Amino acid sequence: MPVQTDHAGMAALAICEALLLAISDHRLLPESEIAGILRDAAAAHENAVGDTAEMEMHQSVACLINGINAGMNSSGLHRG
């Protein structure tokens with residue numbers, strides 16, 4: 001993948017994580033709903049189809065999302 005795509009992905013991830021934390025901090029959604037959003041996002045990639053390279057990318061994305069979800073669940077979403 002080109003470096004520009006990597007930077008765009010990192011920016012998108014940082015923005016989304018900040019949004020999820022803000023949503024949790026302001027109690028706009030319960031933590032269980034936020035965890036569900038992350039599970040749904042991971043499942044979309046786990047069930048995606050494509051050639052070998054696309055499947056590897058989707059599985060990598062799903063693992064990353066599942067890792068974020070596990071980290072948020074183990075430490076709690078609230079920051080204070």
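The mean pLDDT of the protein is 87, and 86% of its residues score at least 70; pLDDT is the predictor's confidence in each residue, from 0 to 100. Confidence is lowest in helix H1 (residues 3-25), with a mean of 86, and highest in H2, with a mean of 95. Where pLDDT is low, the predicted coordinates should not be read in detail. This is a predicted model, in which local features need pLDDT of at least 70 and side-chain atom pairs count only at pLDDT 80 or more, while totals for chains, interfaces and linings use all residues. Residues are numbered from 1 along each chain as its sequence is written, and side-chain values use heavy atoms, with hydrogens and water left out.

The protein contains three helices and zero strands, in the order α-α-α from the N terminus. Helices (H or I, at least four residues) and strands (E, at least two) are DSSP runs, numbered from the N terminus. Of the 80 residues, 19% count as buried, that is, under 20% relative accessible area, with exposed meaning over 50% and partly exposed in between (1.4 Å probe, protein chains only). The accessible surface comes to about 5500 Å², 62% of it belonging to carbon and sulfur atoms; areas come from the Shrake-Rupley method with a 1.4 Å probe, and for residues only the protein chains shown count as cover.

Helix H2 (residues 31-46) has 16 residues, which at 1.5 Å a residue should span 22 Å; this agrees with its end C-alpha atoms, which are 22 Å apart. The expected span is 1.5 Å times one less than the number of residues. Within H2, the buried residues include Ile34, Leu38 and Ala42. An α-helix has 3.6 residues a turn, so residues three or four places apart point the same way.

| Residue | Helix | Relative accessible area |
|---|---|---|
| Ile37 | H2 | 40% |
| Asn66 | H3 (residues 52-75) | 31% |

Asn66, leaving aside neighbours within four places in sequence, is in contact (heavy atoms within 4.5 Å) with Ala42 and Glu46. Asn66 and Ala35 are 31 residues apart in sequence, and their C-alpha atoms are 9.5 Å apart in space. Across the protein, residues 24 or more positions apart account for 54% of the contacts with a separation of 6 or more.
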